[in-house]
Structure formats: structure tokens, C-alpha cells
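Please look over the sequence and structure first.

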Amino acid sequence: MTNNADQTTPQSTPIVELVGVCKWYGEFSALYDINLSISNGEKVVICGPSGSGKSTLIRCINQLEVHQAGTITVSGREVKPEMKGIEHIRRDVGMVFQSFNLFPHLTVVDNLTLGPIRNLGMSKDDATKTAMEYLERVQIAEQADKFPVQLSGGQQQRVAIARALCMKPKLMLFDEPTSALDPEMISGVLDVMIELANDGMTMIVVTHEMGFARQVADRVVFMDNGEIVEIADPETFFNNPTTDRAQLFLSQLLSH
Amino acid sequence: MTLVDLVLFGLVAALIAYAAYRVNDVLVYHWNWSRVFNFVIRVDEDTGSLVPNLLLQGLATTLRLAAWATVLATIIGLVMGYWRTSKNLTLRIISRCYVELIRNIPPVVFIFIFYFFVSSQLFPVIGIDSIDREGALVTNSVFQFFFGDPKLLSNFLAGMLCLALFEAAYITEIVRAGIQSIDKGQWEAARAMGLSRFNVLRDVILPQAIRKILPPLAGQFITLIKDSAIVSLISIQELTFLATEVASSTTKVFETWITVAAMYFVLCYGFASVFRYLEKRAAKANR
Ligand SMILES: Nc1ncnc2c1ncn2[C@@H]1O[C@H](COP(=O)(O)OP(=O)(O)OP(=O)(O)O)[C@@H](O)[C@H]1O
Ligand SMILES: [Mg+2]
């Protein structure tokens with residue numbers, strides 16, 4: 001196992017740190033001895049075969065899933081199952097899902113203002129102003145008063161990104177944000193993510209978009225069977241993967 | 001309309017005619033609708049104007065009972081329905097026991113037990129019985145519009161509480177099913193934003209769930225109107241109870257109960273039609 005997490009960014013304090021994290025579903029080990037440290041501003045892409053634990057890993061960071069062993073620290077605070085104040089940590093951690101999960105009963109702009117109004121104590125006017133700024137950034141401001149069902153998949157995903165950004169997170173988690181999209185919608189969403197990366201957002205992205213990984217990622221984390229098998233910079237990982245399992249995975253990915 | 005339909009219609013008509021014949025000629029029953037009709041509406045002897053009599057008063061009481069019981073049952077049902085889905089084991093046990101208890105004993109038995117508890121224990125404690133029956137609080141017309149005759153207040157409240165508690169168990173299950181029908185992703189997205197469980201429920205889950213459960217809720221409301229006849233057994237002076245009195249004092253059993261059945265039918269069918277109309281309109285608006 002190659003775990004050189006601390007070699008690339010030795011000085012800065014990590015915004016997310018996982019030490020010896022394990023998770024089981026009954027007998028089945030979904031995560032085993034995960035050690036990963038992500039520093040401020042870093043972009044990490046996680047890839048690996050289906051069922052390898054990628055979603056489980058990032059969902060443990062904001063405790064949508066609870067881990068059973070090891071420690072997870074997010075901006076200096078340890079997150080624990082059933083902890084009080086998990087809401088405060090979650091506000092710093094935006095999340096974008098494969099299936100968008102917009103609130104269908106609310107308009108686009110109301111989807112964006114709900115969090116800031118309820119959590120950050122913003123007034124409706126302020127929240128709407130912020131929301132419109134972010135909608136502008138994801139180039140969808142003219143759809144503000146529509147309902148999610150009236151938008152295309154790509155537009156919905158961009159709304160979902162804007163919704164997460166409205167909470168002014170320090171860290172963004174993406175779980176296969178483009179894999180539910182039609183091919184022609186993908187680039188619009190990736191462009192938004194690239195722009196976000198260029199603005200310096202810390203990002204953990206589960207994706208198989210190799211172009212995106214090469215362009216944006218500082219490190220690629222390859223997982224298989226609930227374990228981190230390989231961590232490398234994108235050039236090294238895609239051109240000269242060191243493990244057999246990564247080689248096999250990449251050859252399958254390319255043959256598609 | 002096919003031949004089969006015609007034959008069926010004919011058969012049904014023949015059956016009704018036969019039943020009428022049996023009642024008229026074999027039972028030698030003397031129909032007298034006007035006596036029963038006098039109990040629906042009567043001429044006031046002093047003023048000469050028409051005033052509602054027992055059956056119409058009973059209908060009004062039934063409506064009041066149903067309306068208040070619906071409000072209360074909805075509140076209890078919302079809370080209990082949420083408890084059914086709660087993470088807290090105690091709340092889950094309480095709500096589960098409540099639902100199972102009520103669903104698995106006959107309504108009449110529940111109402112006898114609960115009525116005894118309410119009228120002998122609860123009302124004395126909260127002081128319902130000691131409210132001044134002649135006081136300004138209860139003798140005004142607004143109060144009487146909402147709660148009926150002040151002399152019968154504790155009688156009315158007892159019936160209403162029984163009915164509400166009974167129906168709330170069914171509403172609880174409707175609410176639970178509604179909450180659980182909402183996609184898990186909605187919880188996750190809202191929780192990931194840092195909303196508290198309460199906020200997620202209020203702002204995200206319930207608004208979606210309520211749209212889904214309105215049709216079964218409307219059905220339950222109509223069931224509640226029909227079920228309200230049960231509280232006649234604890235002498236609540238609603239339509240069925242008063243009909244029993246009218247039937248025995250006039251001995252016009254058929255006329256009384258056919259009249260009462262017609263009143264319930266109009267009430268329930270009327271509400272059902274209104275709900276159907278609203279549902280259609282909502283469906284159109286959502287498109
Ligand atoms: N609630 C659950 N109960 C039991 N097993 C689960 C549960 N959730 C996930 N798993 C298992 O855990 C493993 C890891 O799941 P995870 O969703 O993290 O995989 P993934 O790498 O995200 O896969 P994919 O690329 O298909 O999304 C899978 O084998 C899955 O079957
Ligand atoms: Mg996944």
C-alpha cells in the first residue's frame with residue numbers, strides 16, 4: 001500500500017483527516033483502515049470499481065454514514081457518531097450527490113436560500129441576493145423561479161452545486177456528480193467544478209472523469225474492496241499505476 | 001348500455017318493489033313520513049317560524065364533533081406519525097403501542113373504557129364540569145356555533161375526545177407512511193446542509209409528504225364522520241343517538257332511519273365530492 005498523504009503537503013494543517021477508519025455492514029467490511037489527510041485548498045479525486053467504498057468514505061466525512069473505528073477530524077473537530085453539534089460541522093462541508101436531491105417542492109432560488117435562512121440566520125433578502133450570485137456563477141440565474149422538475153439534469157446538478165456553495169462551505173464533497181447525466185450535459189457541470197477548483201475550494205471528488213482528474217486533482221486516491229490501494233498525483237496514476245488492481249481498473253475504464 | 005345492464009336494472013327494481021311490498025302488505029306497516037319529518041324541522045308555536053328539531057340538531061352536533069375531532073386527530077396524528085419514524089426508541093415505542101392498541105380492540109370497547117376515564121377522571125381534574133353553564137363565556141352565539149348547547153358541553157367534549165383519539169391512530173399510520181415515502185436522498189441532502197432534524201422535517205419532508213397523504217387523509221375524514229355514530233353508545237347527543245330516541249318515541253323505525261341514512265349520505269358524499277374536486281384542481285395546478 002502506498003500512502004504518501006503527508007509527503008505532498010507536509011506543512012499545512014489538514015482540513016480533513018482520517019486515521020484508521022473502519023466501517024462494517026454486518027460482516028461485510030465497507031471501509032478498512034482508511035488513512036487520508038487532506039489539506040486546505042487541496043483537490044482529491046477518488047476512483048475505484050463499483051462497491052469499493054468510495055461513497056461510504058466521503059459520506060463518513062459528514063457523518064451521513066457512521067464509522068465504527070478510527071477517527072475522522074474535520075477542520076480540527078473530531079466527528080463522532082450521534083454527536084451533538086454535527087450540524088455545525090456539516091455547514092462547513094458542502095455535498096453534491098449523484099442524483100442531485102434538489103427539493104422538488106421548492107423553486108430553484110428557494111432551494112438555495114433554505115440553508116442560509118435556517119442555519120446562518122440570514123434574512124430572506126440577503127439569502128436571495130447570495131443565491132442569485134451563485135446562480136449567476138453556475139450560469140443558471142434565469143431559471144431561478146422554476147421548479148427542479150422543469151430543468152435538465154445538467155441544470156439541476158449545477159443548482160445543487162450552487163445550493164451547497166450558498167452555505168459558504170470550507171470543503172466540498174462530490175459523489176459522482178456527472179454519472180447520472182446525459183453525455184452532452186457533463187461538460188457544463190465539470191466546467192463549474194473546474195472554476196470552483198481554480199477559486200481555491202478544497203474538494204473531494206468521487207468521479208471517473210479522467211480529464212477532470214488530470215486537469216484539477218492534486219492527488220488521485222484509488223480504492224478497492226474498502227481499502228485505499230494507491231495514492232498518487234494524476235500523471236503518475238494514469239500513466240504508471242504501481243498496483244495491479246489499479247492497472248486492471250484503468251484498462252477497464254479505457255475500454256469503455 | 002347493453003342488454004345485460006337492462007336485465008340487471010330490472011332485477012334490482014324488482015327486488016326493491018318486492019321489499020316495499022313485504023313491508024307494506026305483509027308486515028302491514030303504515031308509512032308516516034310527516035311525523036318523522038317533524039323531528040327534522042318543526043314549526044315554532046310561539047313565533048310560527050320553522051326551527052330545526054332533534055334530527056337536524058343531531059346533524060349539527062355530528063358536524064361539530066367531526067370537525068373538532070378531525071382537527072385534534074390531525075394534530076395527534078402528525079405528532080405520533082413523526083414519533084413512529086423517530087430515532088428515539090421511547091417515542092417509537094409509545095407511538096407504536098398507541099397505534100396497535102387502538103387498531104386491535106373494537107372501537108366500541110375502546111370508547112367505553114376511554115369515556116369512563118375521561119368523564120370520571122380527566123374532566124374533574126381540568127375543571128370542565130365546574131364551568132358556569134349560564135356564564136357569559138358559554139351563552140354567546142359564537143360559542144354555541146362552535147360547541148353547541150353549553151349544558152351538553154362535557155358530553156360533547158367527551159365524545160369528541162374519544163372520536164379524535166380513536167381516529168388519530170389511523171391518521172398516525174397515514175402520516176408515517178407519508179413521511180417514509182419521501183426519498184432518502186431528500187433527508188440526506190437536507191441533513192448534509194446542516195439542517196436539524198426538526199427543520200428537515202418541517203421544511204423538506206412534511207411539505208412533500210402532506211401533498212401525498214391528502215387523498216387518504218380526506219378518506220379518513222369521511223370515515224370519521226361515519227364512525228362518529230359510535231359515540232351514540234356513550235349517550236353523546238349526536239345524530240344517531242337522537243335518531244334512536246325519535247325512532248322509539250314515534251315507533252316510525254323505517255322512516256327515522258332512512259331519513260338519518262340519507263342525512264349521513266348527503267354529508268359524506270358531499271365532502272367526498274368536494275375533496276375529489278380539490279384533488280383534481282391540485283393535480284392540474286401541479287402540472
Ligand atoms: N446500507 C448498506 N447495507 C449493506 N451494505 C451496504 C450498504 N451501503 C453500502 N453497502 C455496501 O458497501 C460497499 C461500498 O458501497 P459504496 O456505495 O461506498 O460503493 P461505491 O464505491 O460508492 O460504489 P459505486 O461506484 O457503485 O457508487 C458496497 O459493496 C455496498 O454493497
Ligand atoms: Mg457510490
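Which backbone nitrogen does the side chain of A:Thr243 reach? That of A:Ala246, at 3.3 Å. This is a predicted model, in which local features need pLDDT of at least 70, side-chain atom pairs count only at pLDDT 80 or more, and totals for chains, interfaces and linings use all residues. Residues are numbered from 1 along each chain as its sequence is written, chains are lettered from A and ligands numbered from 1 in the order written, and side-chain values use heavy atoms, without hydrogens and water.

**A:Thr243**
- A:Thr243 lies in the loop between α9 (234–239) and α10 (244–254) of chain A; helices (H or I, at least four residues) and strands (E, at least two) are DSSP runs, numbered from the N terminus.
- With a relative accessible area of 19%, A:Thr243 is buried (under 20%; exposed is over 50%, partly exposed in between; 1.4 Å probe, protein chains only).
- Beyond its neighbours within four places in sequence, A:Thr243 is in contact with A:Val229 and A:Glu230 (heavy atoms within 4.5 Å).

**Sheet of chain A**
- An open sheet of 6 strands with mixed pairing runs β6-β7-β8-β3-β9-β10 (strands pair if DSSP finds at least two bridges between them).
- β6 (93–96) and β10 (227–232) of chain A stand at the edges with a single partner strand each, so one side of each has no neighbour in the sheet.
- β3 (residues 43–47) and β8 (residues 202–206) of chain A pair in the parallel sense over 4 bridges.
- A:Ile46 stands opposite A:Val206 in β8(A).

**Cysteines**
- The count is 0 disulfides over all chains (cysteine sulfur atoms within 2.5 Å).
- A:Cys166 is buried at 0% relative accessibility, and B:Cys97 is partly exposed at 48%.

Technical notes
Polar contact = N/O pair within 3.5 Å; in protein donor to acceptor, adjacent residues only side chain to side chain.
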